[in-house]
Amino acid sequence: MPLSEHEQRLFEQIERSLAEDPKFASAVRASDPRFHARRRLLVAAGVVVVGLALLVYGVVITTALVSVAGFVVMLASAAFAVQSQRRAQSPDLHVVGGTTTRRRPRGRTGRRPSILDRMEDRWRQRPEGHR
């Protein structure tokens, strides 16, 4: 349902007043899910480097426990980074401004449909005479 001219003018006026407010702009930026995903990826990369340092240090001082701990830290951090990356690419994230679009590869809509999903689609698309 389209907005009336009066509603459109009010909406534009509200947009302009909010765009001029620096506190609001910083609050919107802080609530952007892409910002948090990027920060989690950077933290995970830093922890991977720390885990690598522990691994090398454990090899140098010939203590297997430190080396194993470094490897576990690296592995857990890499898993966290992969999870954060997948969450950042999730289609259910919405940018507050609403002006950006996410590119997807052609022919893919996210997850691959299961066999049950495909069967349901075929059932819905069957000719009307076959009940």
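Glu120, Asp121 and Arg124 are linked in a network of salt bridges. The model is predicted. A search of the whole structure returns two salt bridges. One joins Arg124 to Glu120, with the closest N and O atoms 3.3 Å apart. The other joins the side chains of Asp121 and Arg124, at 3.0 Å from N to O.

Arg124 and Glu120 lie four residues apart in helix α5, which spans residues 115-124, so about one helical turn separates them. Asp121 and Arg124 are three residues apart in helix α5, so here too the separation is about one helical turn. Side chains of opposite charge can pair when their charged atoms come close. Arg124 is exposed, because its relative accessibility of 56% is over the 50% cut-off. Glu120 is partly exposed, at 42% relative accessibility. Asp121 is also partly exposed, with a value of 35%.

The overall fold is helical. The protein chain contains five helices and zero strands. From the N terminus on, its elements run α-α-α-α-α. Of the 131 residues in the chain, 11% are buried. The chain exposes about 11300 Å², and carbon and sulfur atoms supply 62% of this area. Contacts between residues at least 6 apart in sequence were also examined. Among these, 46% join residues at least 24 apart.

Confidence was considered next. The protein chain averages a pLDDT of 78, and 76% of the residues score at least 70. Over residues 97-106, the pLDDT is below 50. This stretch has nine contacts in the model beyond near neighbours in sequence. Where pLDDT is low, the predicted coordinates should not be read in detail.

The side chain of Ser67 reaches the backbone nitrogen of Val59 at 3.1 Å. Beyond residues up to four places away in sequence, Ser67 touches Leu54, Leu55, Gly58 and Val59.

Ser84 is likewise found in helix α4. With a relative accessible area of 2%, Ser84 is buried. Its side chain makes a polar contact with the side chain of Arg40, at 3.4 Å. Ser84 is in contact with Ala37, Arg40 and Leu41, leaving aside neighbours within four places in sequence.

Gln85 lies in helix α4. Gln85 is partly exposed, at 32% relative accessible area. The C-alpha atoms of Gln85 and Ala37 are separated by 6.9 Å, although the two residues are 48 residues apart along the chain.

The loop between α3 and α4 holds Thr62. Phi of Thr62 is near 50°, a positive value in a residue other than glycine. Most residues other than glycine have a negative phi, and most peptide bonds are trans. Thr62 is exposed, with a relative accessibility of 71%.

One of its members, Val56, is placed in helix α3, spanning residues 33-60. Val56 is partly exposed, because its relative accessibility of 46% falls between the 20% and 50% cut-offs.

Terms used. Residues are numbered from 1 along each chain as its sequence is written. This is a predicted model: local features need pLDDT of at least 70, side-chain atom pairs count only at pLDDT 80 or more; totals for chains, interfaces and linings use all residues. Side-chain values use heavy atoms; hydrogens and water are left out. A salt bridge is a side-chain nitrogen of Lys or Arg within 4 Å of a carboxyl oxygen of Asp or Glu. Helices (H or I, at least four residues) and strands (E, at least two) are DSSP runs, numbered from the N terminus. Buried means under 20% relative accessible area, exposed over 50%, partly exposed in between (1.4 Å probe, protein chains only). pLDDT is the predictor's confidence in each residue, from 0 to 100. Contact means heavy atoms within 4.5 Å. A polar contact is a pair of N or O atoms within 3.5 Å; within protein, one must be able to donate a hydrogen and the other to accept it, and residues adjacent in sequence count only if both atoms are side-chain atoms. Accessible areas come from the Shrake-Rupley method with a 1.4 Å probe; for residues, only the protein chains shown count as cover.
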